[in-house]
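Please work through the exercises below with the sequence and the coordinates open beside you.

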Amino acid sequence: MSHHLDDAALLSAELLARRWLPRQHPKVKRALIDADLWAATQERLAQVGLRLIDNLYADHVSVALLRPAETAVFGEAGLNSHNNIDLPRDAVSLLVLLWALIVLPKRERQAARAASIDKHGEADTQNDMFGKDKPVPTAASVSPLVSYRALLADFGVQLGKKTRLDTNLKRLENHGFIVRKGEDITEGPLLDLLLDYDVLAPRILQGALGDVLAQAKALQASLPLALTQTPTQPALAETDDGPEDTAPEENQGEA
């Protein structure tokens with residue numbers, strides 16, 4: 001067995017054990033610049049029906065099923081389901097909403113900062129004999145925070161109210177889609193890896209959430225003040241009214 005295959009086996013084993021690894025992990029960093037190691041790792045994973053997934057805009061790498069393996073693993077019923085990790089429909093709706101609130105503006109900021117770096121670096125690169133690629137800003141440096149209080153106030157009724165929202169947020173955190181930091185919700189390792197941006201972004205921007213995101217962008221200047229205000233008593237009473245364990249059927253969406 002070659003040295004590269006040994007390294008590929010170790011990287012594959014660590015990915016399977018930990019589910020995801022940061023791009024700055026020594027084995028991952030080497031695989032990202034060593035085409036042979038990358039190919040060997042993909043070959044190792046393919047032997048068990050998996051593939052290595054990487055995203056330039058994400059700070060982690062992970063694994064996912066190969067398309068030919070999906071039917072054998074999930075069956076036709078699983079493939080026709082709205083998700084394959086047994087999330088209830090209101091949790092999927094919450095996942096899509098958080099993806100739209102976090103990943104869409106993050107990608108916009110990353111593209112804008114990368115363009116700014118290129119613009120300001122033109123003079124330096126003209127005198128640089130060996131031109132260097134400008135790195136995309138890391139997700140951690142530009143990923144926005146979503147306020148839990150604002151999420152509850154704006155979407156609590158649609159997402160099943162406080163108890164149901166808390167339960168689904170915990171589910172998404174356990175799956176690695178989000179990270180909770182006190183009252184804030186931020187991007188998890190898998191949020192920008194397992195949801196296909198090229199497929200999902202047009203559906204959101206041109207679909208039902210397009211108007212919501214447009215309104216949020218228009219109110220962006222007053223958002224910090226709104227997040228620091230304590231919800232009024234009527235809003236809290238409305239949030240806590242009624243059964244909290246089940247979201248209204250007509251308000252549940254599918255990813």
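Two exercises with worked solutions follow.

The model is predicted, so that local features need pLDDT of at least 70 and side-chain atom pairs count only at pLDDT 80 or more, while totals for chains, interfaces and linings use all residues. Residues are numbered from 1 along each chain as its sequence is written, and side-chain values use heavy atoms, with hydrogens and water left out.

**Exercise 1.** Determine how helix 8 and helix 9 pack, and which residues meet.

Solution. Begin with the geometry: helix 8 (residues 148-155) and helix 9 (residues 161-174) pack at an angle of about 130 degrees, and their axes lie 11 Å apart. The two helices are therefore oblique to each other, a class left over once angles under 35 degrees (roughly parallel), over 145 (roughly antiparallel) and 65 to 115 (roughly perpendicular) are set aside. Next, list the residues in contact (heavy atoms within 4.5 Å): Y148, L151 and L152 of helix 8 meet K161, K162, L165, D166 and L169 of helix 9. Finally, sort the residues of this contact, which divide into five nonpolar, no polar and three charged.

**Exercise 2.** Locate R19 and K161, and decide whether each is buried, partly exposed or exposed.

Solution. Start with R19, which is found in the loop between helix 1 (3-18) and strand 1 (20-22), and whose phi, near 80 degrees, is a positive value in a residue other than glycine. At 35% relative accessibility R19 counts as partly exposed, the class between buried (under 20% relative accessible area) and exposed (over 50%), with a 1.4 Å probe and protein chains only. At 16% relative accessibility K161 counts as buried.

Methods:
Axes are lines fitted to C-alpha atoms, for helices over the stretch in contact, and angles run from 0 to 180 degrees between N-to-C directions. Helices (H or I, at least four residues) and strands (E, at least two) are DSSP runs, numbered from the N terminus. Ala, Val, Leu, Ile, Met, Phe, Trp, Tyr, Cys and Pro count as nonpolar, Asp, Glu, Lys and Arg as charged, and the others, Gly among them, as polar.
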